[in-house]
Amino acid sequence: MLKHLVVDSYGVYLGLKSARLIVKKDGVLLKEYPLKNLKTISIKSRGVGLSSDLAYACGMRGVKIFFNDFKSHLALHTLHEHKSVNVIKHQILSEQNGKDLALAKELIIGKIKNQRSTILYFSRHKNQEKAKLISNKLSLLIGELKKFKLSKDEIFGIEGSAAAMYFKYLSECELLGDEFINRTGRFAEDNINKALNYGYAILQNHIYKCVINAGLNPYFGVLHSLRSAKPSLVLDIMEEYRSFVVDRNVIKLSNRLKGDFAEHKKFIAQQIINSLSKKLNYNHSKLSLESIMQRQVYKLSGFLCGANNYHSYVFRW
């Protein structure tokens, strides 16, 4: 069942017919999707038409519409969700009661643990000694986060050190192909970095949806800096899932990401959406990753509102 629609073709028109989203190009009907099956629409190309009737229907049904590329992110949703003033009040108070730093540390601990899992997973049959060495170094950084009282800058410093080790390992072991040298953000020119950036943008939309559903303000983060139009809390929470949802898929696809990157977008998006629907263990149950992410954000919200702790979701390798 379709839940997330990704549109990345110039000249496509999205409209509404009865209770169905219709996709047209040059006046020709390409696809129809029941709105009841949709949770998000990600528009990742310029020149996509969108009818006001469809935008209204999506707002009434709680379907979030995202516009993003490598440079910007914009979300379109209504206030029909169960927003809670009390939740946002506690979110803002986290700067005073220290919960912002506690949460920032836990999110980065989760990120590093999941980076470690990714390395160990893809090193099961080769580079085991090297993987063990880098795993031990990452464990030391996790220990520092757990042991010491740290400022945001110090937490970011540890996160940066872990990321540098992680991508250096992926590069040296050619897990991201022989053309990947180092990690590049918005101005990436190689297909691997473009694929990572494209995947992170899709992940960002899903986390944004979870944050809105939990009544949190997506722009008031605990680690990333506050800046106009920057969804800092979404970026904070994303750290926990980057390696499993995006990096693992790009590693698996790295050998086929040659030539015109535009030709690979649809397949990359499909692989990431497949990962979100994958059933994983969670509190003695089997749930889709998408459901797990939503529950984790509810727990995060609960932590800010008074619960004793929050634990990141760590993927088994």
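**Close-up views of a predicted model**

**View 1. Ala229, an exposed loop residue.** Ala229 has a relative accessibility of 57%, so this residue counts as exposed. The model shown here and in the other views is predicted. Ala229 sits in the loop that joins α6 to α7 (232–238). Its phi is positive, at about 70°, although Ala229 is not a glycine. Most residues other than glycine have a negative phi.

**View 2. Asp26, between two strands.** The loop between β3 and β4 holds Asp26. Asp26 is not a glycine, yet its phi is positive, at about 55°. With 71% relative accessibility, Asp26 counts as exposed.

View 3. Helix α6 has 23 residues. From first C-alpha to last, α6 reaches 33 Å, close to the 33 Å expected at 1.5 Å a residue. Of its 23 residues, 22 are buried, so α6 is largely enclosed by the rest of the structure.

**View 4. Helix α9 and its buried side.** Helix α9 runs over residues 265–277, 13 residues in all. It reaches 19 Å from its first C-alpha to its last, close to the 18 Å expected at 1.5 Å a residue. The buried residues of α9 are Lys265, Ile268, Ala269, Ile272, Ile273, Ser275 and Leu276. These residues cover an arc of only 150° around the axis, which puts them on the same side of α9. An α-helix has 3.6 residues a turn, so residues three or four places apart point the same way.

**View 5. What covers α9.** Several elements cover the buried residues of α9. Among the helices are α6 (191–213), α8 (242–253) and α10 (289–304). The strands β1 (4–7) and β10 (285–288) are also part of the cover.

**View 6. The second largest pocket.** This pocket holds about 610 Å³ of space. It is lined by 23 residues, and those closest to its centre are Leu5, Val6, Tyr33, Lys266 and Gln270. Helix α9 gives the largest share of the lining, 7 residues. At least two lining residues each come from β1, β3 (20–25), β4 (28–34) and α9. By residue type, the lining of the second largest pocket divides into 12 nonpolar, 5 polar and 6 charged.

**View 7. The largest cavity.** The count comes to 1 cavity of 30 Å³ or more. The largest cavity has about 60 Å³ of space. Rolling a probe the size of a water molecule over the atoms shows where empty space is left. Leu176, Gly177, Glu179, Asp190, Asn191, Ile192, Ser254, Leu257 and Lys258 line the largest cavity. This lining divides evenly by type, into 3 nonpolar, 3 polar and 3 charged residues.

**View 8. Gln115, buried in α3.** Helix α3 spans residues 99–121 and includes Gln115. The relative accessibility of Gln115 is 3%, so this residue counts as buried. Leaving aside neighbours within four places in sequence, Gln115 is in contact with Ala162, Ala163, Tyr166 and Ser243.

Key: Residues are numbered from 1 along each chain as its sequence is written. This is a predicted model: local features need pLDDT of at least 70, side-chain atom pairs count only at pLDDT 80 or more; totals for chains, interfaces and linings use all residues. Side-chain values use heavy atoms; hydrogens and water are left out. Helices (H or I, at least four residues) and strands (E, at least two) are DSSP runs, numbered from the N terminus. The expected span of a helix is 1.5 Å times one less than its number of residues. Buried means under 20% relative accessible area, exposed over 50%, partly exposed in between (1.4 Å probe, protein chains only). The arc is that of the directions from the helix axis to the C-beta atoms. Contact means heavy atoms within 4.5 Å. On a 1 Å grid over the protein atoms alone, a cavity is a set of points where a 1.4 Å probe fits but cannot get out, and a pocket is an open set with protein on both sides within 12 Å along at least five of seven lines; lining residues have an atom within 4 Å of a point. Grid points are joined across faces, edges and corners, and a volume is the space filled by probe spheres set on the points. Ala, Val, Leu, Ile, Met, Phe, Trp, Tyr, Cys and Pro count as nonpolar, Asp, Glu, Lys and Arg as charged, and the others, Gly among them, as polar.
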